[in-house]
Amino acid sequence: MQPASGPPLIPVYNKPEKPGIWMNFDNSVSIYHVIAPEHTFEQAAQEVFKAVREAQNRYPDWPRIFYLDIVGHTSDLHYFSEEFIEFQQEFWFSTIAPFLTSFELPLTGPLVNPDHQRNDLPDSVLIQ
(Lines give C-alpha, C1' and ligand atoms only; values in the text may rest on other atoms or scores of the structure.)
Protein backbone atom coordinates (compact mmCIF):
# COMPACT_ATOMS: atom_id res chain seq x y z
CA MET A 1 0.00 0.00 0.00
CA GLN A 2 1.30 3.46 -0.91
CA PRO A 3 1.98 5.75 2.08
CA ALA A 4 -0.22 8.80 2.51
CA SER A 5 2.79 11.11 2.66
CA GLY A 6 6.19 11.19 1.04
CA PRO A 7 7.06 10.99 -2.63
CA PRO A 8 4.81 9.02 -4.96
CA LEU A 9 5.88 5.56 -6.05
CA ILE A 10 7.79 5.54 -9.33
CA PRO A 11 7.01 2.09 -10.76
CA VAL A 12 9.20 0.04 -13.03
CA TYR A 13 7.34 -0.08 -16.34
CA ASN A 14 6.76 -3.65 -17.45
CA LYS A 15 3.67 -3.85 -19.61
CA PRO A 16 1.94 -7.21 -19.16
CA GLU A 17 1.98 -9.59 -22.10
CA LYS A 18 -1.81 -9.81 -22.25
CA PRO A 19 -4.78 -7.74 -21.06
CA GLY A 20 -5.97 -8.15 -17.49
CA ILE A 21 -5.11 -7.17 -13.93
CA TRP A 22 -1.77 -8.39 -12.59
CA MET A 23 0.00 -8.20 -9.23
CA ASN A 24 3.63 -7.05 -9.58
CA PHE A 25 6.74 -7.95 -7.57
CA ASP A 26 6.82 -4.44 -6.02
CA ASN A 27 3.28 -4.71 -4.55
CA SER A 28 1.80 -2.64 -7.33
CA VAL A 29 -0.95 -3.70 -9.71
CA SER A 30 -0.73 -3.53 -13.49
CA ILE A 31 -3.90 -3.07 -15.49
CA TYR A 32 -3.63 -3.67 -19.22
CA HIS A 33 -6.59 -2.94 -21.46
CA VAL A 34 -7.01 -2.85 -25.23
CA ILE A 35 -9.76 -0.74 -26.79
CA ALA A 36 -11.02 -2.61 -29.85
CA PRO A 37 -11.95 -0.94 -33.16
CA GLU A 38 -15.67 -1.57 -32.64
CA HIS A 39 -15.78 0.07 -29.19
CA THR A 40 -17.39 3.48 -28.84
CA PHE A 41 -16.07 6.21 -26.56
CA GLU A 42 -18.69 5.30 -23.95
CA GLN A 43 -17.96 1.57 -24.11
CA ALA A 44 -14.23 2.25 -23.77
CA ALA A 45 -14.82 4.62 -20.85
CA GLN A 46 -16.99 2.11 -19.02
CA GLU A 47 -14.52 -0.75 -19.59
CA VAL A 48 -11.53 1.29 -18.42
CA PHE A 49 -13.37 2.48 -15.31
CA LYS A 50 -14.55 -1.08 -14.59
CA ALA A 51 -10.93 -2.32 -14.78
CA VAL A 52 -9.73 0.31 -12.29
CA ARG A 53 -12.64 -0.49 -9.98
CA GLU A 54 -11.92 -4.23 -10.20
CA ALA A 55 -8.24 -3.63 -9.41
CA GLN A 56 -9.24 -1.60 -6.35
CA ASN A 57 -11.64 -4.35 -5.22
CA ARG A 58 -9.07 -7.13 -5.68
CA TYR A 59 -6.08 -5.20 -4.33
CA PRO A 60 -7.45 -2.41 -2.10
CA ASP A 61 -5.35 0.77 -2.16
CA TRP A 62 -2.36 -0.84 -3.91
CA PRO A 63 -0.55 1.44 -6.37
CA ARG A 64 -2.11 0.99 -9.82
CA ILE A 65 -0.30 1.25 -13.16
CA PHE A 66 -2.56 1.31 -16.22
CA TYR A 67 -1.40 0.39 -19.73
CA LEU A 68 -3.78 1.27 -22.53
CA ASP A 69 -3.65 0.30 -26.18
CA ILE A 70 -6.12 1.52 -28.78
CA VAL A 71 -6.64 -0.51 -31.94
CA GLY A 72 -8.19 1.29 -34.90
CA HIS A 73 -9.97 4.58 -34.19
CA THR A 74 -7.72 6.42 -36.63
CA SER A 75 -8.43 9.37 -38.86
CA ASP A 76 -7.67 9.77 -42.55
CA LEU A 77 -4.22 10.97 -41.53
CA HIS A 78 -3.57 7.68 -39.67
CA TYR A 79 -3.71 9.47 -36.35
CA PHE A 80 -6.31 8.86 -33.66
CA SER A 81 -9.87 9.95 -34.38
CA GLU A 82 -11.02 13.13 -32.64
CA GLU A 83 -13.12 10.99 -30.31
CA PHE A 84 -10.13 8.97 -29.10
CA ILE A 85 -7.85 11.97 -28.83
CA GLU A 86 -10.50 13.43 -26.51
CA PHE A 87 -10.65 10.08 -24.68
CA GLN A 88 -6.91 10.19 -23.98
CA GLN A 89 -6.64 13.89 -23.22
CA GLU A 90 -9.86 15.07 -21.59
CA PHE A 91 -11.63 11.99 -20.25
CA TRP A 92 -8.54 10.14 -19.07
CA PHE A 93 -6.91 13.02 -17.21
CA SER A 94 -10.12 14.28 -15.60
CA THR A 95 -11.73 10.95 -14.73
CA ILE A 96 -9.29 8.03 -14.66
CA ALA A 97 -5.82 9.42 -13.89
CA PRO A 98 -6.52 10.52 -10.30
CA PHE A 99 -7.20 6.88 -9.38
CA LEU A 100 -3.85 5.66 -10.71
CA THR A 101 -0.24 5.93 -9.59
CA SER A 102 0.92 5.97 -13.19
CA PHE A 103 -0.22 5.09 -16.67
CA GLU A 104 0.88 4.69 -20.26
CA LEU A 105 -1.32 5.92 -23.10
CA PRO A 106 -0.60 5.79 -26.84
CA LEU A 107 -0.55 9.61 -27.00
CA THR A 108 1.63 10.22 -23.94
CA GLY A 109 3.83 7.27 -23.21
CA PRO A 110 4.49 6.56 -19.51
CA LEU A 111 3.45 9.23 -16.99
CA VAL A 112 3.45 9.34 -13.20
CA ASN A 113 0.59 10.95 -11.30
CA PRO A 114 2.18 13.92 -9.45
CA ASP A 115 -0.38 13.47 -6.67
CA HIS A 116 -0.99 10.41 -4.59
CA GLN A 117 -3.38 7.92 -6.14
CA ARG A 118 -6.96 8.29 -4.95
CA ASN A 119 -8.71 5.13 -3.81
CA ASP A 120 -12.22 6.52 -3.28
CA LEU A 121 -13.62 5.38 -6.62
CA PRO A 122 -17.29 6.08 -7.23
CA ASP A 123 -19.59 3.16 -7.92
CA SER A 124 -19.96 4.11 -11.58
CA VAL A 125 -19.08 6.69 -14.19
CA LEU A 126 -21.67 8.56 -16.20
CA ILE A 127 -20.75 9.67 -19.74
CA GLN A 128 -22.83 12.52 -21.16
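Mentor: Before we start, a term: rings of Phe, Tyr and Trp (for Trp, the six-membered ring) pair if their centres lie within 6.5 Å, and the pair is stacked with planes under 30 degrees apart, edge-to-face over 60 and tilted for the rest.

Trainee: Okay, how many aromatic pairs does a search of the whole structure find?

Mentor: Eight aromatic pairs turn up. Keep in mind that this is a predicted model, where local features need pLDDT of at least 70, side-chain atom pairs count only at pLDDT 80 or more, and totals for chains, interfaces and linings use all residues. Residues are numbered from 1 along each chain as its sequence is written, and side-chain values use heavy atoms, with hydrogens and water left out.

Trainee: Got it. How do Phe-41 and Phe-91 pair up?

Mentor: Their pair is edge-to-face, with 5.8 Å centre to centre and 70 degrees between the planes. Phe-41 sits in helix H1 (residues 41-58) and Phe-91 in helix H2 (residues 82-96), so the pair ties together parts that are 50 residues apart in sequence. Helices here are DSSP runs of H or I with at least four residues, strands are E runs of at least two, and the numbering goes from the N terminus.

Trainee: Is Phe-41 buried or exposed?

Mentor: Phe-41 is buried, at a relative accessible area of 11%, and Phe-91 counts as buried too, at 7%. The cut-offs are under 20% relative accessible area for buried, over 50% for exposed, and partly exposed in between, using a 1.4 Å probe and protein chains only.

Trainee: Which residues do ring pairs link into a cluster?

Mentor: Phe-41, Phe-66, Phe-87, Phe-91, Trp-92, Phe-93 and Phe-103.

Trainee: Let's zoom out. What pattern does the protein chain follow along the sequence?

Mentor: It reads β-β-α-β-α-β-β, with two helices and five strands in the protein chain. Of its 128 residues, 42% count as buried.

Trainee: And what order do the strands of the open sheet have?

Mentor: The order is E1-E2-E3-E4-E5, with mixed pairing. Strand E1 (20-23) and E5 stand at the edges with a single partner strand each, so one side of each has no neighbour in the sheet. Two strands pair if DSSP finds at least two bridges between them.

Trainee: How many bridges join strand E3 to E4?

Mentor: Three bridges join strand E3 (residues 64-70) to E4, and the two run parallel. Phe-66 stands opposite Phe-103 in E4.

Trainee: New topic: where is His-33 found?

Mentor: His-33 is in strand E2 (residues 29-35). His-33 is buried, with a relative accessible area of 14%.

Trainee: Which side chain does the side chain of His-33 make a polar contact with?

Mentor: The partner is the side chain of Glu-47, at 3.0 Å. A polar contact is a pair of N or O atoms within 3.5 Å; within protein, one must be able to donate a hydrogen and the other to accept it, and residues adjacent in sequence count only if both atoms are side-chain atoms. Leaving out residues up to four places away in sequence, His-33 touches Glu-47, Val-48, Phe-66, Tyr-67, Leu-68 and Asp-69. For contact, the rule is heavy atoms within 4.5 Å.

Trainee: How many salt bridges does a search of the whole structure find?

Mentor: Four salt bridges. A salt bridge has a side-chain nitrogen of Lys or Arg within 4 Å of a carboxyl oxygen of Asp or Glu.

Trainee: Is Asp-69 buried, partly exposed or exposed?

Mentor: Asp-69 is partly exposed at 22%, and so is Lys-15 at 37%.

Trainee: What do the side chains of Asp-123 and Arg-53 meet in?

Mentor: They meet in a salt bridge too, at 3.1 Å, N to O. That pair links distant parts of the chain, with Asp-123 in the segment after E5 and Arg-53 in helix H1, 70 residues apart. Asp-123 is exposed, with a relative accessible area of 67%, whereas Arg-53 is partly exposed at 21%.

Trainee: Last one: where does Thr-108 lie?

Mentor: Thr-108 is in the loop between strand E4 (102-105) and strand E5 (109-112). Thr-108 is partly exposed, at 32% relative accessible area.
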